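The structure comes first, and the comments follow it.

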Amino acid sequence: AVSGQYHINTVIPPDEYASHGVNDSIYTNWAAKMALEFAVEAADIVGGAVNPKWREVAQGLVLLFDEKKQAHPEYAGYRWNRIKQADVVLLPYTLGMPMTK
């Protein structure tokens with residue numbers, strides 16, 4: 001493992017064809033990153049204690065990106081095959097992930 005990188009493994013992402021459990025689902029990792037960043041922001045607003053690990057993990061969560069295809073693969077090892085739920089399509093619309101294309 002690369003120091004400073006965090007992974008979420010063996011999850012069932014929105015793509016139901018991935019029911020065997022996958023690692024580093026782009027949807028799951030982005031949602032977790034957002035939740036951790038929100039926790040930091042909320043704690044700051046109310047004057048609560050911020051666990052420094054929240055920022056560390058949020059910044060270090062692996063967000064897979066294929067430079068050649070200029071796209072986020074659904075998860076680690078994804079082979080660009082048929083999917084039932086387009087997790088990546090949900091990122092900008094439901095979770096507000098900025099995308100250039």
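1. A salt bridge is taken here as a side-chain nitrogen of Lys or Arg within 4 Å of a carboxyl oxygen of Asp or Glu, and the structure holds 3 salt bridges under that criterion. The model is a predicted one, in which local features need pLDDT of at least 70 and side-chain atom pairs count only at pLDDT 80 or more, while totals for chains, interfaces and linings use all residues. Residues are numbered from 1 along each chain as its sequence is written, and side-chain values use heavy atoms, with hydrogens and water left out.

2. The pairing of K33 with E37 is a salt bridge whose closest N and O atoms are 3.0 Å apart. Both residues lie in helix α1, which covers residues 26–46, and they are 4 residues apart, about one turn of the helix; helices (H or I, at least four residues) and strands (E, at least two) are DSSP runs numbered from the N terminus. For accessibility, buried means under 20% relative accessible area, exposed means over 50%, and partly exposed lies in between, with a 1.4 Å probe and protein chains only. K33 counts as buried because its relative accessibility is 13%, whereas E37, at 38%, counts as partly exposed.

3. D44 and R55 form a salt bridge as well, with 3.5 Å between the closest N and O atoms.

4. Within helix α2, K53 and E56 are 3 residues apart, about one turn of the helix, and they form a salt bridge in which the closest N and O atoms are 3.3 Å apart. K53 is partly exposed, with a relative accessible area of 40%, and E56 counts as partly exposed at 38% relative accessibility.

5. Which residues does L36 touch, not counting residues up to four places away in sequence? With contact meaning heavy atoms within 4.5 Å, L36 touches W54, V57, A58 and L61 under that exclusion. L36 is placed in helix α1, and its C-alpha atom is separated by 9.3 Å from that of K53, a residue 17 positions away along the chain.

6. H72 is found in the loop between α2 and α3 (87–94), and because its relative accessibility is 13%, H72 counts as buried. A polar atom of the H72 side chain lies 2.6 Å from the backbone oxygen of L64.

7. Rings of Phe, Tyr and Trp (its six-membered ring) are treated as paired if their centres lie within 6.5 Å, with planes under 30 degrees apart counted as stacked, over 60 as edge-to-face and the rest as tilted. By this rule the count comes to 2 aromatic pairs. The rings of Y75 and Y78 have centres 5.3 Å apart and planes at 75°, so this pair is edge-to-face. Y78 and W80 form an edge-to-face pair too, at 5.3 Å centre to centre and with 70° between the planes. Y75, Y78 and W80 form one aromatic cluster. In terms of accessibility, Y75 is buried, with a relative accessible area of 12%, Y78 counts as buried at 11%, and W80 is partly exposed, with a relative accessible area of 36%.

8. The backbone angles of two residues deserve a remark. In general, most residues other than glycine have a negative phi, and most peptide bonds are trans. Phi of D24 is near 55°, a positive value in a residue other than glycine; D24 lies in the segment before α1 and, at 5% relative accessibility, counts as buried. Phi of W80 is near 60°, again positive in a residue other than glycine, and W80 is located in the loop between α2 and α3.

How values were computed
A polar contact is a pair of N or O atoms within 3.5 Å; within protein, one must be able to donate a hydrogen and the other to accept it, and residues adjacent in sequence count only if both atoms are side-chain atoms.
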